[in-house]
Amino acid sequence: MVRIERQEKKGYFFIKTDKGNITPWKRGQYFIIRFGNNYKGIPSFPFEMGGETVFIIYGEKDIENISNIEGPCGKPLNLSGYSRILFVCNDKGIPAFMNVKQGGKEHIDLLILGSSELAEELGVNYKRINYLEEVREEVNRNNYDLVISAGDNEISKGIEDLNISAEHIACVYTPIRDGTGLCLICRVYVKGEMRLNCVDGRWFIARDIDWDKLKASKKEKAECLRR
Amino acid sequence: MPKKIRYFDRNKEPFLSPEERVKTFKEYALGFSVNMAVDEAKRCLFCKDAEKRCIKGCPIHVDIPGFIKKITEGDLVGAYKKIIETDIFPSICGRVCPQERQCEGSCILYYDTVRNRKNKGLPVSIGALEKFVGDFIRISGIEIEEIPDPPTGKRVAIIGAGPAGLGCAYDLAMKGHKVYVYEALPKIGGVMTYGIPSARLSKEIIDYEYERFKKLGVEFIFGCVVGRSKSLREIINEYDAVFIASGYGRGRLGLKGDDLENVYSAIEVLMRVNLFGERVDLGKKTVIIGGGFTAIDAAITALRLGVETHVVYRRTRETSSARQEEWDHIKEEGAFIHWLTQPVEILGEEGKVRGIKCIKMTLGEKDESGRPRPVPVPNSEHIIDCDSVIFAIGQDPNPVSYEDVPEIKRDKWGGIMVNERYETTLEGVFAGGDVISGGDTVVKALAQGREAAKFIHEYLMGTK
Ligand SMILES: Cc1cc2nc3c(=O)[nH]c(=O)nc-3n(C[C@H](O)[C@H](O)[C@H](O)COP(=O)(O)OP(=O)(O)OC[C@H]3O[C@@H](n4cnc5c(N)ncnc54)[C@H](O)[C@@H]3O)c2cc1C
Ligand code: SF4
């Protein structure tokens with residue numbers, strides 16, 4: 001059974017379903033929530049809450065009409081070899097954080113850029129920052145060896161521009177349609193080669209990404225790019 | 001009295017006018033009426049040696065005179081049953097097969113395949129007759145019983161619900177095996193659903209065929225990207241045999257400037273419009289690169305989105321792999337076709353497409369494929385202004401389902417290698433369709449799926 005909890009004022013919805021209804025996922029994998037007869041699809045990271053699998057969808061009007069929950073899609077995120085991990089995101093990156101955190105046992109600190117009603121609602125421990133430069137201070141102060149960024153390509157690009165000493169893995173946001181690697185709408189240029197965010201992503205070493213080309217390939221409305 | 005041979009009075013399938021059809025994604029070929037179909041069927045000479053002619057020309061070897069005879073007798077159920085002995089999708093193949101190169105190209109009225117010489121007439125309209133029979137059964141709601149053999153207790157997994165996967169699923173289910181089809185997309189059909197526009201192939205037909213499979217007890221697992229949602233290795237361990245039919249469907253780009261905004265793979269445009277019902281913003285004028293089925297389908301789609309549509313192709317109409325009549329159709333609908341034109345660079349401004357630089361070609365010596373090789377005409381560079389570019393230059397394999405299983409040997413392009421029994425290099429794993437051929441036709445994929453089913457059945461029953 002899929003349950004939908006409206007949080008209209010906050011602009012997002014919770015989609016909750018019994019864990020058993022969803023194919024088990026690995027850390028970093030996402031699902032595509034499809035709506036209506038046209039199977040319009042929105043990628044979303046799953047996480048667990050109270051024995052249920054939860055997806056968060058922002059501002060979807062057709063929410064009652066879920067036709068399919070497909071996945072898990074994308075490559076799992078492997079964090080072995082890192083011991084001090086910092087996750088940086090905005091409000092929209094919280095589901096990605098929950099997914100990454102729950103997918104393994106490592107301790108992961110969280111910095112959120114700006115305020116986050118969602119983090120409050122989920123009771124997540126985090127530190128708020130107002131400027132991305134604060135990431136550099138945090139990395140230096142706490143000797144993080146890995147920074148993971150999510151929520152928005154601009155945040156990831158901004159962190160990459162800081163030239164921090166830690167490795168940086170970014171969650172990439174592109175439109176995604178089939179999730180199978182057929183249509184190329186989600187192409188990302190990594191180390192000069194075309195990769196597909198839907199099947200090769202959504203996690204790439206940030207310094208390898210061609211951020212300018214990623215910006216140029218934004219052919220969808222902004223809202224599609226933010227999930 | 002000897003039968004009068006009707007060489008020329010071929011019945012022409014009625015079409016919507018170009019002005020009407022360009023406004024709609026509904027099918028433009030309207031199909032034969034009963035009278036037309038019976039009259040066209042009567043043109044058939046029912047050649048005794050048809051297996052050397054039209055039947056041989058058909059990649060799945062439909063008993064063509066057999067089903068046409070039934071039409072002349074008014075037995076459409078019999079005609080349908082005759083076709084589905086070999087081709088389980090009459091309505092689909094009747095629409096999308098390039099018959100002029102297959103059955104109709106080998107019809108004695110048009111070409112004497114035994115003496116290998118051209119005849120003077122027009123072929124029997126085999127495709128339209130096949131479509132008529134399939135449509136009659138579907139629209140009239142007549143139930144054709146398809147009764148599977150008793151259960152064997154064997155379980156088979158099929159990766160991909162395109163024509164190859166479906167062909168294989170059908171025969172294995174009929175043999176009493178339990179078949180599970182893993183499909184990444186939310187619907188069956190593969191390219192027939194997400195690639196071929198509904199103007200050429202109504203999606204109602206695919207929905208109808210889906211019901212047939214459900215009745216046979218075939219289970220579909222939609223939204224499962226094998227290799228990501230579930231690994232192929234897990235599937236291999238869970239089933240008695242596996243058939244990989246994941247196609248060759250990854251879009252392809254490949255020109256300087258292809259990273260600009262408003263550059264699309266044809267698969268993206270087709271999939272977004274056909275499967276997801278989106279309006280893709282192609283601007284006012286688009287240029288499609290390519291000369292095959294995919295280029296035609298991209299043009300059909302762009303025209304219906306109200307976009308000025310140009311197709312650039314480096315060869316000529318005669319050497320293109322698309323159906324000849326389709327070129328006429330898109331031209332009638334307003335497409336501009338630039339033959340012997342090779343694109344060399346996509347030009348951009350502020351990250352967006354503003355035009356495409358091309359060079360004129362001329363035909364030179366024959367290449368490996370036997371076709372004259374196009375060679376550039378010096379100083380013939382020119383620019384076609386446009387707001388978007390669509391690549392329809394063929395597809396690449398999509399290895400996601402099998403890339404993590406190195407025991408399955410791949411060919412140099414990344415497709416799967418099989419032997420004559422459709423066996424891959426890993427025991428119990430078979431493959432067929434575009435993933436082994438590198439891109440062909442619906443009917444060939446279907447034929448391979450069905451043939452592979454025969455060998456899978458033998459493997460399962462230990463009668464190999
Ligand atoms: C735009 C276009 C138009 C065409 N028009 C014609 C035509 O008019 N006539 C004609 O005869 N031929 C046409 N063709 C060619 C024809 O469609 C193909 O040869 C045929 O569909 C191949 O069938 P298939 O079953 O091998 O693969 P496909 O039809 O490609 O089906 C493969 C299926 O596998 C699924 N899949 C892929 N990877 C995975 C995975 N990892 N996990 C689960 N599922 C997966 C895909 O989603 C797809 O549904 C056209 C091709 C294109 C691209
Ligand atoms: S399946 Fe295709 S090639 Fe064969 S008879 Fe039918 S239309 Fe002709």
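Visitor: Before we start, how are things numbered, and what gets counted?

Guide: Residues are numbered from 1 along each chain as its sequence is written, while chains are lettered from A and ligands numbered from 1 in the order in which they are written. Since the model is predicted, local features need pLDDT of at least 70 and side-chain atom pairs count only at pLDDT 80 or more, while totals for chains, interfaces and linings use all residues; side-chain values use heavy atoms, with hydrogens and water left out.

Visitor: What is the mean pLDDT of chain A, and where is confidence lowest?

Guide: pLDDT is the predictor's confidence in each residue, from 0 to 100. Chain A has a mean of 87, with 89% of its residues at 70 or more. Helices (H or I, at least four residues) and strands (E, at least two) are DSSP runs, numbered from the N terminus. In chain A, confidence is lowest in helix 6 (residues 222-225), at a mean of 33, and highest in strand 15 (residues 203-205), at 98. Over residues 220-227 of chain A, pLDDT stays under 50.

Visitor: How is the size of an interface given?

Guide: It is often given as the accessible area lost when the parts come together. Buried area here is the accessible area (1.4 Å probe) that two parts lose on being put together, summed over both. Between chain B and chain A that comes to about 2,700 Å², and carbon and sulfur atoms give 53% of the area. Arg228(B), Asp259(B) and Phe276(B) supply 23% of what chain B buries against chain A, more than any other three residues. Counting contact as heavy atoms within 4.5 Å, 33 residues of chain B and 32 residues of chain A take part.

Visitor: How many salt bridges cross that interface?

Guide: Side chains of opposite charge can pair when their charged atoms come close. The rule for a salt bridge is a side-chain nitrogen of Lys or Arg within 4 Å of a carboxyl oxygen of Asp or Glu. Two are found across the interface of chain B and chain A. Glu278(B) pairs with Arg177(A) in a salt bridge, with the closest N and O atoms 2.4 Å apart. Over all chains, the structure holds 52 salt bridges. Arg200(B) and Asp297(B) form one, at 2.8 Å from N to O. That pair links distant parts of the chain, 97 residues apart: Arg200(B) sits in the loop between helix 9 (191-194) and helix 10 (203-215) of chain B, and Asp297(B) in helix 13 (residues 293-304).

Visitor: Which peptide bonds in chain A are cis?

Guide: One cis bond joins Gly71(A) and Pro72(A), with omega about 0 degrees, and Pro72(A) is found in strand 7 (residues 66-73) of chain A. The bond from Gly201(A) to Arg202(A) is also cis, with omega near 10 degrees.
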